[in-house]
Amino acid sequence: MYQIVFDADGLIKVHTGGFLGEVAAEYICLLPDEVFREAIVAARQTHTEEAEALEALIQTGKLLRRPPARSAQAERILTMFQALGTGERGALRLFLKEKADFIVTDDRAFLNVLVRNRTPFLTPAELLVRLRRAGRLSREDAESSAERLRPYIRREVYQDLVQRLEDIL
């Protein structure tokens, strides 16, 4: 089973798309403490239901919360990219420490860092396509999730996502 590490943006979009449970069934989902604080603790003030749903996934072991991690490799990368947020920094550190397979993000600045450093990543849209291909989501559920993601992703990403979902038999 593949290990994935979420940053806050990726976690929130996958949850908003309604397919986080399916992701957790298909992947080992790791959540850095920094992302927990950014996406869940802060959300308790304004998005109570979202925070409670994410906390329930942690309590049931579907999201595995991990303490802050440090590595010389992560610090070398991060010193070149000071503008990254706390959650992205925590995700990269945890990814390297755990030797995970992918980072899940949709943050453009972070994606640029990952591409420049040849770090494997998945966007929420790509995760949705993978779940559909693996048979974890019906066509209707995948299309419904894509529609829920629509307001939160760029128009061209949405159009590509819809086309890719239609191409899956």
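The legends below describe several close-up views of a predicted model.

**View 1**
Five strands make up an open sheet in the order β3-β2-β1-β4-β5, and their pairing is parallel. At the edges lie β3 and β5 (121-122), each of which pairs on one side only. Helix α7 packs on this sheet, where it touches β1, β2, β3 and β4, and the direction of α7 makes about 130° with that of β2.

**View 1. Strand β1 and its two neighbours.**
Strand β1 spans residues 3-6, and it runs parallel to strand β2 (residues 28-32), to which three bridges join it. Strand β4 (residues 102-104) also pairs with β1 in the parallel sense, again over three bridges.

Which residues of β1 lie on each side, and are they buried or exposed? Q3 and V5 lie on one side, I4 and F6 lie on the other, and all four are buried, so that both faces of the strand are covered.

**View 4**
Strands β2 and β3 run parallel and are joined by four bridges; in β3, R66 is the bridge partner of P32. R66 also forms a salt bridge with E98, in which the closest N and O atoms are 4.0 Å apart. This pair links distant parts of the chain, with R66 in strand β3 (residues 63-66) and E98 in helix α7 (residues 86-98), 32 residues apart. R66 counts as partly exposed at 27% relative accessibility, and E98 likewise counts as partly exposed, at 25%.

E126 and R130 form a salt bridge whose closest N and O atoms are 3.6 Å apart. Because the two residues are four residues apart in helix α9 (residues 124-133), about one helical turn separates E126 from R130. R130 counts as partly exposed, with a relative accessibility of 29%.

The side chains of E147 and R150 meet in a salt bridge, with a distance of 3.5 Å from N to O. E147 counts as partly exposed at 39% relative accessibility, and R150 is partly exposed too, with a relative accessible area of 43%. The structure as a whole holds 10 salt bridges.

S145 is found in helix α10, which covers residues 139-149. Is S145 buried or exposed? S145 has a relative accessible area of 1% and is therefore buried, the cut-off for a buried residue being under 20%. When residues up to four places away in sequence are not counted, S145 touches G17, G18, F19 and L128.

Key: Residues numbered from 1 in each chain as written. Predicted model: local features only at pLDDT ≥ 70, side-chain atom pairs only at ≥ 80, totals over all residues. Heavy atoms only, no water. Buried < 20%, exposed > 50% of the residue type's maximum accessible area, 1.4 Å probe, protein only. Pairing = 2+ DSSP bridges. Contact = heavy atoms within 4.5 Å. Axes fitted to C-alpha atoms, helices over the stretch in contact; angles between N-to-C directions.
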